[in-house]
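This briefing sets out selected features of the structure shown below.

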Amino acid sequence: MSLLTLRDIGIAFGGAPILDGASLQIEEGDRLCLLGRNGTGKSTLLKILAGELPPDTGDIMRRQGLRISLVSQESPPGLAGSLFDVVAGGMGGAAELLAEYHHVGTRLAVEGSDDLLKRLEELHKSLEETGGWHLHQEVERVLARLSLDPDAEFSTLSGGTKRRALLARALVAAPDLLLLDEPTNHLDIDTIVWLEDFLLREVKTFLFVTHDRTFARRMANRVAELDRGALYSFSCGYDSFVERREELLEAEITRQALFDKKLAQEEAWIRQGIKARRTRNEGRVRALKKMREERGRRRERTGAAKMQLQEAERSGRLVAEAENVSFAYGDKPVIRDFSTIILRSDRIGIIGPNGSGKSTLLRLLLGELQPQSGEIRVGSRREVLYFDQMREQLDLNRTVQENVGEGNDTVVINDRPRHIIGYLQDFLFSPERARSPVRILSGGERNRLLLAKLFTKPSNVLVMDEPTNDLDAETLDLLEDLLLEYSGTLLLVSHDRDFLNNVVTSTLSIGEDGRVREYVGGYDDWLRQSAAELAASEPSPPPPPKEKSRPQAGKPRKLSFKEQRELEALPDTIAAMEKEMDDIHRKLADPEYYRTAGAEVAILTARLEELENDLEEAYQRWEALEEIGGGGA
């Protein structure tokens, strides 16, 4: 029997149903990725699966004794106290007893009071009598597995640590099915990789909602898509799902076009004034009525957003230059001895752990913060747009329309006035949604709104701090295309590895020691280069002891015929590699190249790295052959 089965589930909150006859079956061992556009009802479906929200119609069949835990996008309201309290709260009724036992034990270790010792013994006895002792051990075990301090105050934690704490809270209940809603949001790349490894190793069956394509690609063995109220399930990985979905959408478009053509023909026929009373025509009239009803029930797929960036006049060639820049908050160094030059049309990704100083680095490069040592020079004619990951540029109490229009009914886009409602429809906000307050919008809608607000202004320097949070895959693809066509300078902070690979041409990596290192290419290029640096910095193992050999009489060994030909060919081979590297360097240095290059940039940077390795090997081989041959004499 499956763990859980949904059959013909329906639910609506006014307007069109969010779920309309949705069906799904979850088996043990499934790692099911749930996809869908923003606002299609994915979080609602998770609450129904978790039993937090009853559906309006349909049946839910759960295996007897099934335990389900849900990790939501946001922390539950009112969640406070130490991490031990928060995690123990996932135990249900035993939570208060466990929390008191932990706090009394902590105080006893400090104060050594007889009263505390007596109370601890009473609590210990109660735990044993109620079978709760093993629960205390389980909370401590899960906290240790997730590297969490049980005495840390939950409210003071970073977003990434809070996500780990909520995961621990869900895991202590030993769920048969774990539900994760956007688990990678606000996590840095290192923590996302840790989460991937942890889930694959420790959790057998889970369902997750994500727009992180790399995460979905690695984790999913099944994919389900929520589209227009229906659920479509695919028994395959993420990449195969993308291919199959495109085929299904093309087939749907063809089928609907044929249906609409037939309907138009029948409508034209009936307008000719036929006598429907005739027996031979009555069936055709009834069929037309059914076609009209079917067309009326059709829910059109949400169109793609139509975003466009306005570009200001070109900035000066120099955008920013940092020379030996350092910055600290109190005694904690954030940026240490950093130097770089950013030129017009550079596309730079910035990565590093949460709290490492990525936003601080951006503010230094923009001239908003003054370094405590070193010097920052900013270029001329800069028109900067800043996408803030906290969305502080949005007023939650004003409507969508008021946030973008700022009191005006029109906005000017590429020197042409546009009505604010029509402009917002390009960003998938209906007229009704445009008049709604921002506070009721989902995270993805707020991100789209901030993009809409920013893109009303021209720029030649675009700074984006975590723009991909909550955006669905279609909007991500469109934003990628926009940024690839943008001829200005881009500074991008992101934890989305695919996004970085597809958009940036160099990467600044901030270490925990405040050192900033620069690499050519995107995330995968950084991964390869940093791994090579690490391997090179580690001491080489001692060579194995050489076997004793008998001394050989006679002259030193000469080059073989094959080795001699290899030595003669090496100069030409090296020259060819150096010429190819020069050509690639010239291409990558030309700003115009990036307008049309697209994915070719990543291919060229990978080829450049390959050539550098081959060239180094060729020089080493040349030196070795010349040494054997006596310097070529």
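Strand 17 (residues 461-465) and strand 18 (residues 489-493) run parallel and are joined by five bridges. Within this pairing, valine 463 stands opposite leucine 491 of strand 18. The model is a predicted one.

- In general, the strands of a sheet pair through backbone hydrogen bonds, in either a parallel or an antiparallel manner.

**Helix 18 and its cover**

- Helix 18 comprises 15 residues (523-537) and reaches 21 Å from its first C-alpha to its last, close to the 21 Å expected at 1.5 Å a residue.
- Its buried residues are Tyr523, Asp525, Trp526 and Ser530.
- These residues lie on the same side of helix 18, because they cover an arc of only 150° around the axis.
- The cover over the buried residues of helix 18 includes strand 12 (347-351), strand 19 (506-510) and strand 20 (516-520).
- Helix 7 (189-202), helix 17 (497-503) and helix 21 (600-628) are also among the elements that cover them.

**Aromatic pairs**

- The count of aromatic pairs comes to eight.
- One of them is the stacked pair of tryptophan 194 and phenylalanine 198, with 5.3 Å from centre to centre and 20° between the planes.
- Tryptophan 194 and phenylalanine 198 are four residues apart in helix 7, so about one helical turn separates them.
- Tryptophan 194 is partly exposed, at a relative accessible area of 26%, whereas phenylalanine 198 counts as buried at 1% relative accessibility.
- The pair of tyrosine 523 and tryptophan 526 is tilted, because the ring centres are 5.6 Å apart and the planes stand at 40°.
- Tyrosine 523 and tryptophan 526 are three residues apart in helix 18, and therefore about one helical turn separates them.
- An α-helix has 3.6 residues a turn, so residues three or four places apart point the same way.
- Both tyrosine 523 and tryptophan 526 are buried.
- Elsewhere, ring pairs link Phe206, Phe208 and Phe215 into a cluster.

Methods. Residues numbered from 1 in each chain as written. Predicted model: local features only at pLDDT ≥ 70, side-chain atom pairs only at ≥ 80, totals over all residues. Heavy atoms only, no water. Helix = DSSP H or I, 4+ residues; strand = E, 2+ residues; numbered from the N terminus. Expected span 1.5 Å × (residues − 1). Buried < 20%, exposed > 50% of the residue type's maximum accessible area, 1.4 Å probe, protein only. Arc of directions from axis to C-beta. Contact = heavy atoms within 4.5 Å. Pairing = 2+ DSSP bridges. Phe/Tyr/Trp six-rings, centres within 6.5 Å; stacked < 30°, edge-to-face > 60°.
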